[in-house]
Structures are given as structure tokens and as C-alpha cells.
Amino acid sequence: MSRTALRICPLCEATCGLTLTIEGTRVTHARGDRDDVFSQGFICPKGASFGAVDSDPDRLRTPLVRRDGELREATWEEAFDAVAAGIRPVVERHGPNSVGVVLGNPNVHTMAGALYPTVLLAGLGTRSIFTASTVDQMPKHVSSGLLFGDANAIPVPDLDRTDHLLLIGANPLESNGSLCTAPDFPGKLKALKARGGTLVVIDPRRTRTAKLADRHIAVRPGTDALLLAAMAQVLYEEGLVDPTPHVQGIEELAGELREFTPEAVAEACDVEAGVIRTLARELAAAPTAAVYGRIGSCTVPHGTLASWLVDVLNILTGNLDRPGGALFPQAATDKTPRPAGPGRGFALGRWHSRVSRHPEAKGELPLSALAEEIDTATEEGEPVRALIAVAANPVLSAPDGDRLDKALDSLDFMVSVDPYLNETSRHADVVLPPPSPSQSPHHDFAFNTLAVRNQVRYTRPAIPLEPGRMAETEILARLILAVTGMHGADPAAVDHMVIDQTLGKAVKEPHSPVHGGDPRELAGRLTGDTGPERRLDLMLRLGPYGDGFGVRPDGLSLEKLLAHPHGIDLGPLEPRLPQPLKTRSGRVELLPGPIADDLPRLRAALAERPEGLVLVGRRHLRSNNSWMHNVPALTGGSNRCTLQIHPEDAERLGVQNAEPVRVKGAGGEVTVTAEVTDAVRRGVVSMPHGWGHDRPGTRLSHASTDPGVNVNQLLDGRLLDPLSGNAVLNGVPVEVAPGAAPESPAVTEKLTALT
């Protein structure tokens, strides 16, 4: 007998609702949930492949512990005993900073990844924190922190109501949206055009999104900030500034941008000055408009400045915080809204990395610096001697994976929380595998803070855990206890501690609905079958739509959410300023000090001209992270690891379509198949990320049949955006030549092992 169950898709940021068909304990089909209040039945190829992802035979089912140099199956008790024995002596002998923590992108796609890593970091007390953010969106966090005082206060485009949408470095028809949670992004763009709106795309590639645009600007990679600065300069020069309220620094910014005229930036950007002026004028003239930038404008040398200028344009045109512009979402699990007023502000560089002295940003160090923090001795501080990797594969996602690969082998101890034995987890001394997505509960804590419509949804596990499996929430709770000296304690103690601390603070806050209450009595009123559910109930009840433990009888609680299995619609985005601001002034600080200090570097870029080819990345609709390459339904077709190159560049270099080419960068050389296409502009080549599945010791049987190459091996990790520490992945100079390069060390090692 088959049955159906609801599940929110965890495979990208769109968070679509799914209806799963289940035969016994196996998902046999997935379709869009037509009654989902947010996605309304939309589904992409990744969601349709949920069953194949869920039942991948290479997913680990039991813990692995290294014995006599080999990873072998073990019990959960043996695994956590090994974790405690491996991590605690390092902390006690060398201090907490000698333990590094790496958090990968999938953490934001699970409840466990949202609820427990902050507790882990606080318990360890380490400053050696690295995440996927610094090879992705950290510039947006930093620019938001500097502008608004809160690194997580990221405005999103009001897609359903805007009249004019300008996308820079974004390809949502492939990515489904990022830092902008929007099911059916393609449908929303088509609806924009159908109602007479305008879509402008700025991208060096003619992507699927660019093909849909009314205007496509093939900008030179890495010059996004120059182009945006020139647009802002036109607004000032032509008297088109009509700023958002609650802003300071309008006049000061005019002087800082005076040199960035369209004529001054045109040659560097390879965009005509008249086109830049038209872009600015059309943006200002639109009844409503929104500028949205993503990874292509983040992973460049001026990533933070480009991210800042996206919001500068929204502010100068009065489109920040108004319907049809860019607004701040209000998630149901946000903290109780505090009264508007000055806050603590946002600071950078509170500490630095040990080797290259990179400043922290948002409490993190650059992922590019992880290898040197492990393998380089200095007089200051201890190197990273032990590592905890949670859903992370930095050997493929960070620059110079070969160096990091060797560095991981030198660690005293490593533990990975990962469902796969991949290019990174193969180095671990203990691997703790979480269960399949169908066996896990789901609520989107992070993505609802970026959603284009306020809503709340929660799904319980569709399939129960079989004997011998452990929930991911319990895995992380036990990991916290093992590494903080409380090994063997009841894992429920972690949730009890968080609940007690949260309520203890809430009853002391005058603006809290439970001000003056009894924390123990309030804790006793929480509902939920598990500790994570009780924590979700707590956050919902204290949140902006919550019942306040009975203060607002019509408000949210877990009980009410469970009664609405397709979710609860909380309405369109609404203006919220000045309440979200946490700057010291209580206003939007348009020209913060660190930004002003970095503008001379952008002025110097006016004279820069790249010589030869530059590299940009790309995304496929059926892919997200490296582990998706192990699912046959999500590979093949257009989802291939190729080097896209313009026909004129290919002819000049003697490169033939479908033939091997050598690509050389500062970090190394790879051989990849050429794909000659005019979808990239002249002077630009493009490769996708997440490939390079040719290392021995992994268990990725499908991915290894078509391994591709690791594009990040072309980088040596030295190119960073200085404000955010974000790796520069786009606009990087490379050399291309026909023919195959000598075998890489990884390939040679694999061939040796096979023979």
C-alpha cells in the first residue's frame, strides 16, 4: 500500500512544498504540493528527484571510525567515544582555537543545521570558524551589517509587485534564487514581463535568465562595482536622487562617487557610457524598482562594494523598504521585534587569522585560509590541530583543494558529520552520517528571513527512523556534549539549556510578551514531541506573529502550525524601517567608514584592464552542491563539467569543440572538455563548481564515473575581497591551450591505488 506525505524540499533555497509518494519505507515519487501556501505546486528537477536523492545507495547508514588507518563501521557509542577522546585532549592541551569548525552550505537546509552549530561554537569557544559563506555571500552580510547594523538584515526584491527588476551576477532560472527565497522564480519573472514590467540582466554570460531579459548587458567580469557606482553617480548628476527615509550620508556619498562617471568606467566595464546612463535613468523613472545582486557580484575583488552599491541604488531611488522595491522579510521565528532605535552596530576585524592576519567578518575567517591555518607554523597561537566538519566539502569548494587535501591528512583528529564519504570526509577519523531527508523534520529558519512573501511551514519526518539510525538533531546534540567535556550526558540537555537561556532572557526584556514571567512555568507550556520541536514552538510563540504564550490568542504556535500542514500565509512583505536597523545612529548609514576606506581601491580599478582570458563560474538547474553529482537523475545532459569559450577565442587559440583543453591558473592546471559557444562573451571562459570526483578513498560511485575537474584548483586562495574575506572566484585570469595536461597528483594517486 502506498501513502502520501508532505515535505518541504531541502535541495535549494526555493523551499518548495512537495507531496511524496511512499511505498513501505521508500519514496517512489515526488510532485509539487498544489496547496502549499508559498510554492503552490511548483517543482524543479531537483525536487522531482527527491526520491533518488533520499535513497542514494552510497549514503552512509552507520558511523565510521578509523582503526589501523582504515575507516570501519562502528556503533554510535563507539563513534562518540572516539570523538570525545580525539577532540578534548586537543582543546585541553592547545586551547580552543586549535579546533577548527567548518560549516557547509547544507547546514542552512536542515533544522539540525540551524539549531545546533551556534551551540557547538559557543561551547567550544573557538575562533577558528570557517563556513561556505566566504566562498559565496559574505560580502552581502558585511554590506548589510555596515548599512543596517545587522549582517542578517538583507532586503529582497518584491518580485510580485515590482515594475522594474535589475539583476546583476544572478541567474535565478538556473539557481532558483539565492538570498531571495522565491519558489517559481522563472514564473515570477515571466509575470513581471506580462504585466508590462522591465527585466534587465547584467552578466558576462547569456544565461537562461539573460535570454528572458528586455535588456542584457554583457559586462566585463569583476567590474560590477564600477558599473553600479557609475549608475549611482548619474542619479546624483542628473538630479534623480529621491532617497528612502531614515538615511544618513546622502550628501557625503555624492562626493565619494563623483569620479565614477559613465565615461570613466566605460572602458573598464566594456559597457558604453550611454548604456550606463540609460540603465540609471530607467531605474529612477520606474514607478517601482528593485536591484538584486548575487554570487557573480559577490565573488569578485570588490564584492562588498558591489553588494553595498546594490542597496545604494535601491536607497537613492527610494525603492528600499517600499512595496515593489526591496523590503526586509519578517520570518515567524525572528526574535521578538524590539522598538526602533540605536543598536550596537556592526564591527569588522575583531580578531584576525593566525597566518595571513585576515580580519574576521561576522565571526568567521576566510575558508581560503583553512589550509594555511592547519599546515603553517607561526610564533602567534597554535595551528588548527583538530577539525569538525559539518556538511562541508571544502576540498572541492575552497581554493587550492590539493593543498587542503594534504593539510587535512596532517591533523591530529577530524570528525565529519556527512551522509557521504566524499573528498573531505575521507580524511576524518570519525564520520557521523545523518539520516535521509525523508526521515528528518523541516522548517526553514534562514530562508524565511529572505522570502519574497511572509509565510511559515513545518513538516515532520515522512518516514520513521529504522533501528540503528540516529536523528541529525541528536547527532549534533551528542557531538556538542562530546567536544565540550560532557560526553555521556543526556542529549536532551542541550535543548533544555537553550530553552532555559532563551526564556531567562525573554522575561527580562521589557518589549517581550513574557516580560516578568516565570521561565520554568513558561517552559512547561511548550509543546512538541522532541526537543527541536519545543524549541521551534518557543521561537514561534516569542516571534513577531506569535501567541506570546497566550498574550495574543490568535498568534502562532507549533500546535497551530501543525493544524495547517500546507503552511500559513502571513501576507506580502511590508515596509519595516526603522525597526530592523541596529546601527549606532538608528538610521541607515549610507557611507560607513570601512566602505569609504575601500573606495580608493575601486578608483584604482578604473585603470585596470585584464590581459588574456578571465574565468567565471556557472550553475546548473539540476545541481547545487558537489554531492548532487552522485545522483544519476541530476547529471548528464547540460549538467556537464566543460569549459565554455567564445568561438572567436577558440579559433584564436586553436581550441576545438568537444576536445580537451588545458586551463592554468595561479593555483594549478586542469584538463577539461571545451564547449565552444557564444553564450559567453569574448575574453571570458566559464566552468561549473563542485566537480573533481577523482580522489581515492571516496564512496561516490556515480560521481566517480564522470568526475569532471575541480575549478577551484585554478585558484591559490590569495585573492580575497578584503572587507569580507570572500574568495575571488570570478574574473580570475587564466591561460587556455588545446590538448591535455599531465595527470594531476590526485589522478596519479588513484591510478596507482587501482593497480
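The legends below describe a predicted model of one protein chain, first as a whole and then in close-up views. Residues are numbered from 1 along each chain as its sequence is written, and side-chain values use heavy atoms, with hydrogens and water left out. As the model is predicted, local features need pLDDT of at least 70 and side-chain atom pairs count only at pLDDT 80 or more, while totals for chains, interfaces and linings use all residues.

**Figure 1. The protein chain as a whole.** The secondary structure comprises 26 helices and 26 strands (DSSP runs, numbered from the N terminus: helices are H or I with at least four residues, strands are E with at least two). The radius of gyration is 25 Å, close to the 27 Å that the globule rule gives for 755 residues, so the protein chain is as compact as a globular protein of that length (taken over C-alpha atoms; the rule is 2.2 Å times the number of residues to the power 0.38). Along the principal axes, the C-alpha atoms fill a box of roughly 70 × 65 × 60 Å. Of the 755 residues, 61% are buried (buried means under 20% relative accessible area, exposed over 50%, and partly exposed in between, with a 1.4 Å probe and protein chains only). Among contacts with a separation of 6 or more, 73% join residues 24 or more positions apart (contact means heavy atoms within 4.5 Å). The chain carries 76 positive and 93 negative side chains, and the centres of the two sets lie 2 Å apart (Lys and Arg count as positive, Asp and Glu as negative, and His and the chain ends are not counted; a charge is placed at NZ of Lys, CZ of Arg, CG of Asp or CD of Glu).

**Figure 2. Thr 583 in the loop between strands E19 and E20.** Strand E19 spans residues 568-572 and strand E20 spans residues 588-589. Thr 583 is buried, at a relative accessible area of 2%. Its side chain reaches the backbone oxygen of Arg 587 at 2.6 Å, a polar contact (a pair of N or O atoms within 3.5 Å; within protein, one must be able to donate a hydrogen and the other to accept it, and residues adjacent in sequence count only if both atoms are side-chain atoms). Beyond its neighbours within four places in sequence, Thr 583 touches residues including Leu 146, Phe 148, Pro 342 and Glu 589.

Figure 3. The bond from Leu 577 to Pro 578 is cis, with omega near 10°. Pro 578 belongs to the loop between E19 and E20. His 246 is in contact with Leu 577, Pro 578, Leu 581, Arg 587 and Val 588, leaving aside its neighbours within four places in sequence. His 246 itself lies in the loop between helix H10 (224-237) and strand E12 (247-248), where it is partly exposed at 32% relative accessibility.

**Figure 4. Ser 356 and Glu 372.** Ser 356 is placed in the loop between strand E14 (326-327) and helix H16 (370-375). With a relative accessible area of 36%, Ser 356 is partly exposed. Ser 356 and Glu 372 are 16 residues apart in sequence, and their C-alpha atoms are 8.4 Å apart in space. The two side chains make a polar contact at 2.7 Å.

**Figure 5. The buried residue Asn 726.** Asn 726 sits in the loop between strand E25 (684-686) and strand E26 (732-738), and its relative accessibility is 0%. A polar atom of its side chain lies 3.4 Å from the backbone nitrogen of Asp 136. Apart from neighbours within four places in sequence, the contacts of Asn 726 include Ser 133, Met 138, Cys 298 and Leu 719.

**Figure 6. Helix H12 and residues with positive phi.** In helix H12 (residues 262-269), the residues Pro 262, Val 265, Ala 266, Ala 268 and Cys 269 are buried. Their cover includes H10 and helix H13 (273-285). Asp 270 follows H12 and has a positive phi, near 60°. Most residues other than glycine have a negative phi, and most peptide bonds are trans. Asn 176, in the loop between helix H7 (172-175) and helix H8 (185-194), has a positive phi of about 65° and is buried at 3% relative accessible area. Asp 321, in the loop between helix H15 (303-316) and E14, has a positive phi near 70° and counts as buried at 10% relative accessibility.
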